Amino acid sequence: MEEVKVFPLTCAVQNYLWGKIGLDSEVAKLVVGGDPLAVIEDGKPYAELWMGSHPKGDAQIKDNRIAQTTLGQWIAHYPACLGSKVKDAFQGQLPFLFKVLSVNTALSIQAHPNKELAASLHAQFPEHYPDNNHKPEMAIALTRFQGLCGFRPVEEILAFLQLVPEFHALVGYDAAEELRCSVGDEDRTSQALKKCFSRMMSCEKKVFVDELNELVKRVSEEGAAGKDTSSSNGELLLRLHSQYPGDIGCFSIYFLNYVVLEPGQAMFLGANEPHAYIYGDCIECMACSDNTVRAGLTRKYIDVNTLCEMLNYKPAPASSKIFPCVQDPSDPCVTLYDPSVPDFTVIKIQVPASMKDYTVASVDSASILLVIEGDATATSAAAFSDLTLRRGTVLFVSANESLSLHVTSQSGMTLFRACCLL
């Protein structure tokens, strides 16, 4: 029998503690949409849906005509499904991991190493850095999504140093003065910023906990008295402190941009970019790696020296962190999120209510397709039978295979597709 090249997947769910609880979670809603028999527990967090072949969450194949049970096994048997360019460039592996995240409490402040640093960290500390790959990633908001990303413009950091004495105390007079005097000279600013951030991150625990308690007390009292606490970034400070009391990461809000993405907006996190997700639901796509260097808002291993050495100390405004997506000139339904790395591209497909038939075009790469909204019957020469698509359906589509959708929902459809366009 000829091989089936398009098939549905059951994907791994990660119940990390920071996830949204029960059916408040977009992840949980998609799981139930895709499989009405799935059981969602009320008090349990549903943080991430992993769509791919990563060994920590290899998707199960939902087609009893296929002998292999997981996507990773199937790709190992039929590497041609990746597309010839992708197969050669990525040694027969699916180069990306596609995810949905539902964030209730902040994730750790972190950065991901470039390939060279990843290889060196993995060789030295394999227990903390499990592979030798880089991990660029893209987050696309499904609901209003809040995060920290990249260093703020120097003027903003200097203003906080002036207005938040507890923050100034951790950075120290010398480093703060050096930053103030560096304005206008890019190289000096980067060095001074590195010194300021490293000073704060290397503070003794007792010192920063005392300053943090002092700051939280002051901001709480000012808020209770009806004063505006925005000059101390008060609202965000209290929120993060309630989630991670006594954590040095609470002070990072004075260094890093607070970025809010509206649904459909994206941010791209290249190597060495400091970031933390704070709240909301998003689609995420990344190179297939698990390497993370953490710096706060976490109970996990913190590698302060590596982090302070590796970061990109280029200040830029929050608006510059929003990644520009592009309309496909040949298909008005398609929006491309195509970052500067070869590992992945994300495609948003929005089929309007007026359109009842739509073809998901073939690309020269394996792809994973997720239905966010809407219902359809899909036919493909490579599926050998009709497929029912509804909210939460995840399909694997081999390279160079197209899919014809007959849309049955009244309001059209929204799908996201991850692939590798070399």
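Hi everyone. Let me begin with a term: the radius of gyration here is taken over C-alpha atoms, and the rule for a globule is 2.2 Å times the number of residues to the power 0.38. The structure above is a predicted model, so please keep that in mind as we go.

With 422 residues, a compact globule would have a radius of gyration near 22 Å, and our protein chain comes out at 23 Å, which agrees. If you follow the C-alpha trace along its principal axes, the chain spans about 75 × 45 × 40 Å.

What is the chain built from? You can find 11 helices and 25 strands in it. Of the contacts between residues at least 6 apart in sequence, 77% join residues at least 24 apart.

Of the 422 residues, 57% count as buried. The chain exposes about 17700 Å², and carbon and sulfur atoms supply 51% of that area. As for charges, there are 35 positive and 50 negative ones, and their mean positions are 2 Å apart.

Where does Ser232 lie? Look in the loop between helix H9 (205-224) and helix H10 (234-243). Is Ser232 buried or exposed? Its relative accessible area is 1%, and buried means under 20%, so Ser232 is buried. And which residues is Ser232 in contact with, once we leave aside its neighbours within four places in sequence? They are Phe160, Leu163, Val164, Arg218, Val219 and Tyr254.

Terms used: Residues numbered from 1 in each chain as written. Predicted model: local features only at pLDDT ≥ 70, side-chain atom pairs only at ≥ 80, totals over all residues. Heavy atoms only, no water. Helix = DSSP H or I, 4+ residues; strand = E, 2+ residues; numbered from the N terminus. Buried < 20%, exposed > 50% of the residue type's maximum accessible area, 1.4 Å probe, protein only. Contact = heavy atoms within 4.5 Å. Areas by Shrake-Rupley, 256 points an atom, 1.4 Å probe, with all protein chains shown as cover. Lys, Arg positive; Asp, Glu negative; His and termini not counted. Charge placed at Lys NZ, Arg CZ, Asp CG, Glu CD.
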